[in-house]
Structure formats: structure tokens, C-alpha cells
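This report examines one protein chain at several scales.

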Amino acid sequence: MKRNPESVLNVLGKTQYLDDLPENAGMLHAAVVLSPSAHGRFSGLDTAAALAMDSSVRVVVAADIPGQNELGTAVFDEPLLAAGEWHYHGQVLALVLASSRSLARKAAARVAVQGAEQLPAVTDPREAAARGNIILSPRTQRSGDVDTAFLACDVVVSGRVESGGQEHVYLETQGAIAWPDDSGGVRLLSGTQSPSGVQKIVARVLGLPMNLVEVETRRLGGAFGGKEDQATGWAALAALGAVVSGRPVKINLNRRDDMVATGKRHPYSSDFRIGLKKDGTILAFEADFYQNSGAATDLSPAIIPRTLFHAAGAYHIPNVRVTGTMCRTNLIPFTAFRGFGGPQGFFVIESAIDAAARALGIEPADIQRRNLLSDGDEFHYGMVAEDPRAKETMERCLAKADWNKLRADIRDFNAAHAGLKRGAAATPVCFGISFTKIMMNQGGALVHIYNDGSVGVSTGAVEMGQGVGRKIALVVADALGIPDSKVKIETTRTVTVANTMPTAASTGTDINAMAAKIACDQLRARLDALAKDRPGLDFVQLVALAHEQRVDLSAHAFYATPGLHYDLATEKGKPFHYHVYGCAVVTATLDVLRGTYQFDDAFIVHDIAHSIDPVIDRGQVEGAFAQGLGWAALEELAFGADGRLLANTLSTYKLPDAHFMPRMDVEFLERPNPGTVANSKAVGEPPLMYGIAGYFAVLDALKAVHPDKPAFYDLPMTPEKALRFLSEEDSP
Ligand code: MTE
Ligand code: HPA
Ligand code: MOS
């Protein structure tokens, strides 16, 4: 078995993350002063007590910013440092610098807010929408004629669905180091998925051209979307501190600050209406998604369309009307999180199917199987399904779980046991691959062959544990015809490959390995031209000859995903290069007395197409499923009515662990995906949606106790909600 060198370092604990690097003499450490409530006004900060602690202490505020005090990607509506007013609990009011980390944190704690006045806070997205507090305009995607179709249905069911937020809990918290530079600019090490994004904002904040801001990202100890946009502010603070002090500045949040002051997965509140024929054919589906966007725009305008694109799940529904509204509230600005709005869409259609199954007196799986996408079906956004693998993966998954026998066994078990009930559910997945913003589907690579035959590869890809570096190395080795041990993946730097996009949307390998392959093909062609006259030379000899003959051994290449188009006016087009399919069956056992449950088995069939590294891909499927199961049935991102985050430590925010996870049986559907690098498919996000099966597995067990009670769709499933359902009161 080939080993990923990065994984070996991780296992040995030898990987160097930002905070493991040796510190420079004279480096200052930064801490932050955070807003004390969800919404308020202030006249200033009393810094006397902090400054009195040590001569190295310095407090940096909004007025110290030489350029624009603004963060954002498309809409710049978030200040780097609050001035006069704060809009959520945990907003940064000031940056405190000191000679040591502990001194900086102690000094930050002594900065007092002056003239504070509490303002009313809105935390509920529907309330925000009712008050007109929305970001940009709502978006609606439609196909067919929903209103007429509902009239032709045998049953029409409507309902309400809630899904909670999710904390990323990357192991490495947010951080950056900035060095002032004799060019008048800054050099940065940033824990970001988007070095060019950091470069752009740091330049804006400092009032510098981009060429005076150099950003390097070595690797991330996990990101999961939490560092696509939200690493930028911390890097900008470090850069600001470096410019103001003239010294290197390092910022690295402690866990509690990271949990309080960084964005998470968006909570959603949604309404649905679904119409079916008696046989379970879905004719019409309608949904209204109220996205709790938090206090600033951040990536919400890219996330809401992904919810809408996935609102019909893995199904073909001829009449669809779905609307997404970004609701501005006084919570932390919510951000990218693995799945990027897709999971929230999936949970609503799966809830609708569950409710419809009850109304029709059939099983949810009967509806699911009857409506899965077929070849040539048109999605509600106009794209046509090509080689859809929904039926194939679901049928294989049900066979793997021995579905009919499983249902019979569960019925027998439940009839024989009063104190324990078992349940099972299947969730089919179809996830579109490409950034929802077409412009972002581009990337570059720079490949050097050194004259000893070793190879260095730079791309825009950021390694965050997902193995993108390893996959690029394998693709490069294959393209050049050399062992992968000869290939080094360089850190990601804005001076090497410029204007890159975040490593996100699961496209890291699709885009960057493809760009690297194109560069390698150019190099290979140059070497092959030489080899024609000199047969029998090996790679190292050929490279030496090329150098001797003054042939360029470096190549830069660019890749832009072909064929994408989208018309915002009609909400139709081809937003995705292709789709990834799959299915999970999850089983659970419920303790009827306590409302507690455990997950027993998970059967997964995943559309991998061709796996560039099967060990990495298996890890991605299992890891994403664990993260999805945590979102669906464990992790409760609790905010108080006053908008303060209650789940602000790992003692109050529960994560999946080995005991929580079921036995996992993962199988790959291997059929090449033409038109991608190595005929592969992206794998990073799609398997997260398999976790949704866990919610419905517990719900299935709950229904065995109270078959006549209406179900509830309020994710995450928690023992508390289960117990309330069991205790005969109203549904939670
Ligand atoms: N896997 C690990 N170990 N750590 C991560 O931070 N991020 C996920 C996924 N898998 C992540 C991960 C997310 S949100 C995305 S979009 C993809 O990896 C990004 O990398 P890729 O495009 O190279 O798959
Ligand atoms: N996924 C992740 N990040 C993004 C996307 C997307 O679809 N679009 C813009 N940023
Ligand atoms: Mo992933 S949420 O696209 O970083």
C-alpha cells in the first residue's frame, strides 16, 4: 500500500502547523477583545489598565486601519474592527499586542468597553425576514407548473423543518503570522483555504497594492469550510498589527475565542409542500428556505443557491418551486461548512418524503426508490442528468443492507421488545460539483523539474487533511512517468501561483491536479521531443540533456472547468461539471425509557468513479459521514435567546467519537467519469449528506413507539427531543 507522506507525519505527530514553527525574536503576540452581547453601541474603549500591565502592550482599534475597515468577498459589509456598534456576540472590538501570548490575553481581558448601550437583538431568521432584514434578494428556482400540479395530486402534505448550525472544530484554531517587509508591504503565513483571498483583503485593509502582500499557506489542521472566508479577518488583524508595530505579529485563537468569534454552518428554518400520486410518484414540491445568515453577508449568497440546487435531493420532480431568503440576524456571520447549504436542502426534501410516506401509509424508501433520477432527467435548474448513478447506488446499498430482511428483523425485534426499539433509514445523495459561482472554477499550477530529475509542484490547492497534495503528486508522477517519491508538493503561495480560488467546493483535485497535469504534459512533450533522437535515456538523463540544451524545465498551466453557464434571470443553466451520487443505510437502537440511542450499522455505496488514492478517499467518505451524523444527531449549536453562544466549549458542544459511530461498511461504485483528471470524481463533501440517514433511523425507532403521532423534523435529533416525543406531550 502506498503511503501519503503527510499522513505519516500526522500519525507521528511531526507535522508542523502554524503554532509549531519557531518564533522570531521580537515577535509580538495578539489577542482580541470581543463584544459582550449580540447587539450594542459603545463610545470607546478604556485601555489604561491593559497598557499599565507592560510596556510591550499595545491596543489597536478601527481608527488605526490605514485602508478600508471592511471584510467580505462580494459584499463588504463586515468591519475588521467594530467602530461604534457591534452586531453579534463575539465581534472583534480591538486587537491587543504584547510580548507573550499570555500577556496579550490578560491585557485583552482588561480592556473595558466604554459607554455601552444594549440594542435589541434579532436571532430568529423568520423574524428578521418579517422585519425586512434580508441580505440581497430572495432567489427562486422553478420548473414545470407547481400550482396546477398540486391540483392533480392524490395527497398533498406540508410541514415545517428546522436544521441547526454546526461548529467546524478543526483541530488547528484560526491563526496567522505577519512580518513587515522592507518593500513597505507585508509577508504572511495564514491558516486559510484561500491565500489569494487573504492577499486581496489584507491589501484593502492596509491600503496597499496586492503585489506588496505575499501570503503563504503551509497546511491546515482541518478547515471544513471554516477557513474559506473566515481565516481572512485573523490574517488581516495580524497584518495590521505588524504594520502598526513594525514587528512580526502572531495570532492564534484559543478554542473558546475560536468557537465564539468564528462563523459556522447556517441554521435554516423551512416550510415545504409536497404532492404525490397514490403510488408514491412525486408530482410537485415547494419549499421556502429561511437561512439564518447572521450579521454579515460573508458567503451566504453562494450558499443559498447550493441549497436551492439540492432542494429536490436525488430525485426527479417535474414541478418544483423553491425559494431561499438570506435573513440578517444578530448572530455570528454563518459561513461555508462541508456541503455548503446542500445538507440543509437535503434534510427538507427527505423530511417531506417522510411526512408523505405517513400520509400514504407506505414506507419512505418506497417513495425514494420510485422517484430517483434517471438518465436524461432535467433538474429544476435546467441541467440534464448524464449517467446518473442514484438508482444504482441506492439499490446496491439496499442490497448490501439486506433491506427487506432488515425491515422484517426490525419489526420482529420491536414487537418483542418494549424497552428498546430499532429503526432504519436510507438516504440517497446527488451532489453537484463546481463552485456555485462560475467565475471561481479556475486554477493554476507551476511545475519545476530540477536538473537532477526531482520535481516541485505549486498549485493553488491548500492541504487541510483531505489529501489534495497527495492526489496531485500521484497525478504528476503519472503524467511525467516517474515515481511519486520524486515529486514534492510545495506550500501554497501567492507569488508562485497567483489569483487562485479557495480550495473548496470539493474541487481541489479536479481543478489543481488538472492544471498540474496540463503543465506536466507540456514538460513531457519537451522531453519527448529530445528523446526522439536519443532513445534509451531514462528520465534523469533526459532532464540533464534538456538542461544542457537550454530547454525550459518549468511550466505554468491554467485550467478553467469547461462547459459551465448559468442565467440568473431564469435560474437555468449548467452550474455543475457533473454530480456525485451515493446512498447510505443507517440503523439505530433507541432506549424507550431514556430517549437515548445508538447507531448500529452504516452501509454506504459511494460513487467514486476512479479513485486516485483509495485510502484517502475512504477516509474522506468515513470522515464526512461522521461529520454529517454529528450534525444530524448529536451536535447542538445552542444560542441563548439573547444571541450569546451557549455551546462555546468542547464540554458543552458534543462531537462524534469512536463510540458514537456505527460499524461502517463502505463500498465504492467504480465507473470512470470522463472529462475529469484521471476520470475521478470529487469526494470531499458529498458523503456528509449520508449522516441524514441517522436522523431518520432514530425517527423510525421513535415511530415504532408512537405510530400515530406526527413526526418532527428538527435536526439535530437529540435524546432530549426524542424523550419529549416519547413522553406523549406535544411533539418537540
Ligand atoms: N477533509 C479533512 N481532513 N479536512 C478538511 O478540512 N474539508 C472538506 C473536505 N474534506 C476537509 C476535508 C471540505 S469542506 C472541502 S470543500 C474539501 O475537503 C476541500 O478539499 P478538496 O476540494 O481537495 O476535496
Ligand atoms: N462551494 C464552496 N465554496 C464556494 C462555492 C461552493 O459552491 N461557491 C463559492 N464559494
Ligand atoms: Mo468546503 S465547505 O467547500 O470548504
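Predicted model: local features only at pLDDT ≥ 70, side-chain atom pairs only at ≥ 80, totals over all residues.

Threonine 15 belongs to the loop that runs between helix 1 (5-12) and strand 1 (28-34). Is threonine 15 buried or exposed? Its relative accessibility is 7%, and the limit for a buried residue is under 20%, so threonine 15 counts as buried.

Leaving aside residues up to four places away in sequence, threonine 15 touches Glu6, Leu9, Asn10, Asp20 and Arg219. Two of these neighbours can be described in further detail. The side chains of threonine 15 and asparagine 10 are joined by a polar contact of 2.6 Å, and the side chain of threonine 15 also reaches the backbone oxygen of leucine 9, at 3.3 Å. Glycine 221 stands 206 residues away from threonine 15 along the chain, yet 9.3 Å separates their C-alpha atoms.

## The nonpolar cores

The largest nonpolar core contains 112 residues, and the members that touch the most others are Ile274, Phe285 and Leu702. Helix 10 (residues 342-360) gives the most to this core, namely ten residues.

The contacts of isoleucine 274, not counting residues up to four places away in sequence, include Phe150, Val155, Ile282, Phe285, Ile349 and Ala356.

The volume of the second largest pocket is about 820 Å³. Its lining consists of 35 residues, and those nearest the centre are Thr73, Ala74, Lys437, Met439 and Met440.

Which elements supply at least two residues each to this lining? They include strand 9 (134-143), helix 6 (195-206) and helix 9 (300-309). Helix 6 provides the largest share, with six residues. By residue type, the lining of this pocket divides into 19 nonpolar, ten polar and six charged residues.

## The cavities

The model has eight cavities of 30 Å³ or more. The largest cavity has a volume of about 240 Å³.

Twenty residues line the largest cavity, with Leu71, Glu78, Tyr88, Gln230 and Gly233 nearest its centre. The largest share of this lining, four residues, comes from helix 7 (residues 232-245). Ten residues of the lining of the largest cavity are nonpolar, seven are polar and three are charged.

Note on methods. Residues numbered from 1 in each chain as written. Chains lettered and ligands numbered in written order. Heavy atoms only, no water. Buried < 20%, exposed > 50% of the residue type's maximum accessible area, 1.4 Å probe, protein only. Contact = heavy atoms within 4.5 Å. Polar contact = N/O pair within 3.5 Å; in protein donor to acceptor, adjacent residues only side chain to side chain. 1 Å grid on protein atoms, 1.4 Å probe; cavity = no way out; pocket = protein on both sides within 12 Å on 5 of 7 lines; lining within 4 Å. Points joined across faces, edges and corners; volume = space filled by probe spheres on them. Nonpolar A, V, L, I, M, F, W, Y, C, P; charged D, E, K, R; others polar. Core = buried A, V, L, I, M, F, W, Y, C linked by side-chain atoms within 4.5 Å.
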